[in-house]
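Q: Could you help me learn to read this structure, one feature at a time?

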Amino acid sequence: DGMGGHRAGEVASQLAVEVIQKYCRENRDAAARDILDRGINLSCKEIYERARDNSELAGMGTTVLAMLFQGEDAYIGQVGDSRAYLVSGESIWQLTEDHSLLNEELRAGRLAAGQVAQYQFKNVITRSVGYESQVTVDIYRRKIQAGDVFLLCTDGLSGLVEIGEICRELCVSGADGGLKNLVQLAIARGGDDNITALSCEVCPD
């Protein structure tokens, strides 16, 4: 989910995808944690240097949420407030922790859940890819099993759809149908931010 004016956010997010994909392909035999951390940091350096050398792109950055399967585990690398969810059976978990001012206020107890809608800084993130030349990447590992459904999405979706609605749609309509329904639901509720989402179901061997 890119940030920055004059299409700079679009440039940053596209650069992140290209650099991370290339690094993953070229280092597929390395440990998944290292692949994600180094790939995301390589994209961070590339975005930072591109912004430094082009005034029209100054200040650009992006959130990143990347998932890599290795063996029987799913690894998720995250920077920013894009989220990963897991639906297993009839239960759902939010796997990632938002790097946002809103989340910091909630965790510190300075803001109640009922005040979130009126919070004026809810779109301010505290960590992004490209703001500096390096970034701390949160890495999550989850043992996978057949039938698990992962949802990766930007806050354009998670900010407008409740976690219970995500679980219900993915359980009832499956990974593909549920994803389409969730995107349409977010659009119907305003769709005032970029909605990028991907679903992935673990199939039996």
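Q: How many bridges pair strand 4 with strand 7, and in which sense?
A: Strands of a sheet pair through backbone hydrogen bonds, and the pairing can be parallel or antiparallel. In this predicted model, strand 4 (residues 73-79) pairs with strand 7 in the antiparallel sense, over 6 bridges.

Q: Which strands make up the open sheet of 4 strands?
A: Read across that sheet, the order is 6-5-8-9, and the pairing is antiparallel. Its edges are strand 6 and strand 9 (197-201), and because each has a single partner strand, one side of each lacks a neighbour in the sheet. Ignoring direction, neighbouring strands here are turned by 15° against each other on average.

Q: Which residues are bridge partners in this sheet?
A: Let's take two pairs of strands. Strand 5 (residues 83-88) and strand 6 run antiparallel and are joined by 4 bridges; there, Val-87 has Ile-92 as its bridge partner. The hairpin of these two strands has 2 residues between them, and Gly-89 takes a positive phi near 65° in that hairpin. Strand 8 (residues 149-153) and strand 9 also run antiparallel, joined by 5 bridges, and Leu-152 has Leu-198 as its bridge partner.

Q: How do I find a nonpolar core, and which residues touch the most other members of the largest one?
A: In soluble globular proteins, nonpolar side chains tend to be buried together. Here the largest nonpolar core has 24 residues, and those touching the most other members are Ile-40, Ile-47, Met-60, Val-64, Val-129 and Val-135. Helix 1 (8-26), helix 2 (32-53), strand 3 and strand 4 each supply at least two residues of this core. There is also a second, separate core of 15 residues, which includes Val-87, Ile-92, Leu-151 and Leu-182.

Q: Is Thr-62 buried or exposed?
A: Thr-62 lies in strand 2 (residues 61-62). Its relative accessibility is 0%, so Thr-62 counts as buried. Its contacts include Asp-1, Ala-12, Ile-47 and Val-129. A polar atom of the Thr-62 side chain lies 3.4 Å from the backbone oxygen of Asp-1.

Q: What about residues in loops: where are Ser-82 and Thr-96?
A: Ser-82 lies in the loop between strand 4 and strand 5, and Thr-96 is in the loop between strand 6 (91-94) and helix 3. Ser-82 has 4% relative accessibility, so Ser-82 counts as buried. Thr-96 counts as buried because its relative accessibility is 4%. Ser-82 touches Thr-96, along with residues including Leu-65 and Cys-153. The side chains of Ser-82 and Thr-63 are joined by a polar contact of 3.0 Å, while the Thr-96 side chain reaches the backbone nitrogen of Ala-84 at 3.0 Å.

Q: Finally, how do I compare sequence with space? What separates Cys-24 and Ala-51?
A: Look at the two kinds of distance side by side. Cys-24 and Ala-51 are 27 residues apart in sequence, and their C-alpha atoms are 24 Å apart in space. Ser-82 and Lys-22 are 60 residues apart along the chain, with 21 Å between their C-alpha atoms.

Key: Residues are numbered from 1 along each chain as its sequence is written. This is a predicted model: local features need pLDDT of at least 70, side-chain atom pairs count only at pLDDT 80 or more; totals for chains, interfaces and linings use all residues. Side-chain values use heavy atoms; hydrogens and water are left out. Two strands pair if DSSP finds at least two bridges between them. Buried means under 20% relative accessible area, exposed over 50%, partly exposed in between (1.4 Å probe, protein chains only). A polar contact is a pair of N or O atoms within 3.5 Å; within protein, one must be able to donate a hydrogen and the other to accept it, and residues adjacent in sequence count only if both atoms are side-chain atoms. Contact means heavy atoms within 4.5 Å. A nonpolar core is a set of buried Ala, Val, Leu, Ile, Met, Phe, Trp, Tyr and Cys residues joined through side-chain atoms within 4.5 Å. Axes are lines fitted to C-alpha atoms, for helices over the stretch in contact, and angles run from 0 to 180 degrees between N-to-C directions. Lists of a residue's contacts leave out its neighbours within four places in sequence.
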